[in-house]
Amino acid sequence: MSYRYMRVIVMFDLPVVTASDRREYSRFRKYLIKSGFLMMQESIYCKLAQNSTVADSIVENIRKNKPVSGLVQAMKITEKQFSKIEYIVGENSSEVLDSDERLVIL
């Protein structure tokens, strides 16, 4: 099996007007975090997948756990495309080891 690492990027805009809206927002965000997504920006999360088949199953699980209302979008891109992100203002300030390497020496 060949590995072509993919990234699944989830972008969402959910209403937080009522208490039930806030609960739904919180439930969806906690689902993403428990599923291994990392926050890139507020309401933008990403997750590394081993190949496109795994990425498809991640998107399918997001569909199963979608909120009742609002906008949720998912995008699958290759790791090579993801690595070409340009920081126009600011810089990457993640304290989480986010690597596809098999061995990480600290």
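**Close-up views of a predicted model**

**View 1. Phenylalanine 12, a buried residue of the predicted model.** With a relative accessibility of 5%, phenylalanine 12 counts as buried, because buried means under 20% relative accessible area. The model shown here, as in every view below, is a predicted one.

**View 2. The edge-to-face pair of phenylalanine 12 and phenylalanine 28.** A search of the whole structure finds three aromatic pairs. In the pair shown here, the ring centres of phenylalanine 12 and phenylalanine 28 lie 5.3 Å apart and the ring planes stand at 90°, so the pair is edge-to-face, given that planes over 60 degrees apart are counted in that way. Phenylalanine 12 belongs to strand β1 (residues 6-13) and phenylalanine 28 to helix α1 (residues 19-34), so the pair ties together parts that are 16 residues apart in sequence. Phenylalanine 28 is buried, its relative accessible area being 0%.

**View 3. The stacked pair of phenylalanine 12 and tyrosine 45.** Here the ring centres of phenylalanine 12 and tyrosine 45 are 5.8 Å apart and their planes meet at 20°, so this pair is stacked, since planes under 30 degrees apart count as stacked. The pair links distant parts of the chain, with phenylalanine 12 in strand β1 and tyrosine 45 in strand β3 (residues 44-49), 33 residues apart. Tyrosine 45, at 2% relative accessibility, counts as buried.

**View 4. Arginine 7 and the ring of phenylalanine 82.** The charged end of arginine 7 sits over the ring of phenylalanine 82, at 4.1 Å from the centre of that ring.

**View 5. Serine 26 in helix α1.** Serine 26, which is found in helix α1, is partly exposed, with a relative accessible area of 27%.

View 6. Of the 106 residues in the chain, 26% are buried. Among the contacts in the chain with a separation of 6 or more, 73% are accounted for by residues 24 or more positions apart. The chain exposes about 8,000 Å², of which carbon and sulfur atoms supply 52%.

Notes:
Residues are numbered from 1 along each chain as its sequence is written. This is a predicted model: local features need pLDDT of at least 70, side-chain atom pairs count only at pLDDT 80 or more; totals for chains, interfaces and linings use all residues. Side-chain values use heavy atoms; hydrogens and water are left out. Rings of Phe, Tyr and Trp (its six-membered ring) pair if their centres lie within 6.5 Å; planes under 30 degrees apart count as stacked, over 60 as edge-to-face and the rest as tilted. Helices (H or I, at least four residues) and strands (E, at least two) are DSSP runs, numbered from the N terminus. Buried means under 20% relative accessible area, exposed over 50%, partly exposed in between (1.4 Å probe, protein chains only). A charge sits over a ring if NZ of Lys or CZ of Arg is within 6 Å of the ring centre and within 35 degrees of the ring normal. Contact means heavy atoms within 4.5 Å. Accessible areas come from the Shrake-Rupley method with a 1.4 Å probe; for residues, only the protein chains shown count as cover.
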